[in-house]
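Here is a short briefing on one structure. Look through the sequence and the model first, then read the points below.

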Amino acid sequence: MPARTAKTESAACTAVSFWLVKQEPATYSFAQFQKEKVTAWTGVRNFQARNNLRAMKKGDAVLYYHSNDDRAIVGLAEVVKTAYPDPTATEGDWSCVDLKAIRAFAKPLALTQIKTDAALKNIVLIRQSRLSVMPVTPAEFVRILKLTGD
DNA sequence: GCCAACGTTGGC
DNA sequence: GCCAACGTTGGC
């Protein structure tokens with residue numbers, strides 16, 4: 001195999017996208033996720049969120065947001081398996097992906113901080129507060145990592 | 001507990 | 001195809 005091919009493939013693999021998933025900590029906290037290490041992200045029943053799940057690639061980075069009680073971005077995960085039929089769906093065309101927990105952030109980033117940060121003013125988390133799976137721009141991702149102490 | 005945002009459903 | 005009614009999510 002020519003070296004050029006391997007190089008191209010490796011470049012494609014490193015071109016990750018960034019996402020954010022939302023979950024109520026009372027339902028499935030990041031701590032629980034870390035204990036299980038890998039989890040199937042099932043139960044999404046919203047077309048926009050589903051389409052985002054389907055756009056995820058293996059190796060993409062996923063921020064983990066706790067809604068309700070915490071209201072903070074608390075950890076980082078990665079996509080380990082791309083979209084496949086959601087086994088918890090009894091009807092309809094729904095998908096899920098497999099996510100692996102990477103680490104909890106040293107300093108969780110509170111929603112209140114996100115709202116006051118100029119670099120994050122257009123983040124989908126704020127613009128579309130009800131969406132549970134959403135894209136994050138590279139600039140936003142870098143900014144969030146900085147604010148979480150990573 | 002309230003309310004705003006927004007997605008879905010069903011009548012017309 | 002429009003729109004009112006209703007249900008859900010999630011911040012406050």
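Asn68 is partly exposed, because its relative accessible area is 40%, between the 20% and 50% limits. This is a predicted model, so read each value below as computed from a prediction. Asn68 sits in the loop between β3 (61-66) and β4.

- Asn68 has a positive phi of about 60°, yet it is not a glycine.
- A backbone N or O atom of Asn68 lies 3.0 Å from a phosphate oxygen of DNA strand C.
- Arg71 belongs to the loop between β3 and β4.
- The phi of Arg71 is also positive, at about 55°, and Arg71 is not a glycine either.
- Arg71 counts as partly exposed because its relative accessibility is 47%, again between 20% and 50%.
- Ser67 is found in the loop between β3 and β4 too.
- Ser67 is buried, because its relative accessible area of 13% is under 20%.
- Beyond its neighbours within four places in sequence, Ser67 is in contact with Lys22, Gln23, Glu24 and Pro25.
- Ser67, Asn68 and Arg71 are among the residues around DNA strand C.

**DNA strand C**

- Of the atoms of DNA strand C within 4 Å of the protein, 73% are sugar or phosphate atoms. The rest belong to bases.
- Lys115 reaches the phosphate with its side chain: an N or O atom there is 2.6 Å from a phosphate oxygen of DNA strand C.
- Arg130 approaches a base instead. A polar side-chain atom of Arg130 lies 3.1 Å from a base oxygen of DNA strand C.

**DNA strand B**

- The residues around DNA strand B are Asn46, Phe47, Arg127 and Arg130.
- Sugar and phosphate make up 50% of the atoms of DNA strand B that come within 4 Å of the protein.
- The residues of the surface near DNA strand B divide into 1 nonpolar, 1 polar and 2 charged.

**Nonpolar core**

- The largest nonpolar core has 41 residues.
- Which residues have the most contacts inside this core? They are Trp41, Leu63 and Ile73.
- Strand β4 (residues 72-85) gives the most to the core, with 6 residues.
- Leaving aside neighbours within four places, Ile73 is in contact with Leu20, Leu63, Tyr64, Tyr65, Phe105, Pro108, Leu109, Ile114 and Ile144.

**Aromatic residues**

- The whole structure holds 7 aromatic pairs.
- One of them joins Tyr28 and Phe33: the pair is tilted, with 6.1 Å centre to centre and 45° between the planes.
- Tyr28 and Phe33 are both buried.
- Tyr28, Phe30, Phe33, Trp41 and Tyr64 form one aromatic cluster.

**Ser29**

- Ser29 lies in the loop between α2 (25-28) and α3 (30-36).
- Is Ser29 buried or exposed? Ser29 counts as buried, because its relative accessibility is 14%, under the 20% limit.
- Not counting residues up to four places away in sequence, Ser29 touches Glu24, Tyr64 and His66.
- Ser29 and Ser67 are 38 residues apart along the chain, and their C-alpha atoms are separated by 10.0 Å.
- Glu24 is touched by Ser29 and is also in contact with Ser67.

**Ser95**

- Ser95 lies in strand β5 (residues 95-110).
- Ser95 is buried, because its relative accessible area is 6%, under 20%.
- The side chains of Ser95 and Arg54 are joined by a polar contact of 2.8 Å.
- Not counting residues up to four places away in sequence, Ser95 touches Trp41, Arg50, Leu53, Arg54, Ala83, Tyr84, Pro85 and Asp86.

Key: Residues are numbered from 1 along each chain as its sequence is written. Chains are lettered from A and ligands numbered from 1 in the order in which they are written. This is a predicted model: local features need pLDDT of at least 70, side-chain atom pairs count only at pLDDT 80 or more; totals for chains, interfaces and linings use all residues. Side-chain values use heavy atoms; hydrogens and water are left out. A residue is near a molecule or strand if one of its heavy atoms lies within 4 Å of it. A polar contact is a pair of N or O atoms within 3.5 Å; within protein, one must be able to donate a hydrogen and the other to accept it, and residues adjacent in sequence count only if both atoms are side-chain atoms. Ala, Val, Leu, Ile, Met, Phe, Trp, Tyr, Cys and Pro count as nonpolar, Asp, Glu, Lys and Arg as charged, and the others, Gly among them, as polar. A nonpolar core is a set of buried Ala, Val, Leu, Ile, Met, Phe, Trp, Tyr and Cys residues joined through side-chain atoms within 4.5 Å. Buried means under 20% relative accessible area, exposed over 50%, partly exposed in between (1.4 Å probe, protein chains only). Helices (H or I, at least four residues) and strands (E, at least two) are DSSP runs, numbered from the N terminus. Contact means heavy atoms within 4.5 Å. Rings of Phe, Tyr and Trp (its six-membered ring) pair if their centres lie within 6.5 Å; planes under 30 degrees apart count as stacked, over 60 as edge-to-face and the rest as tilted.
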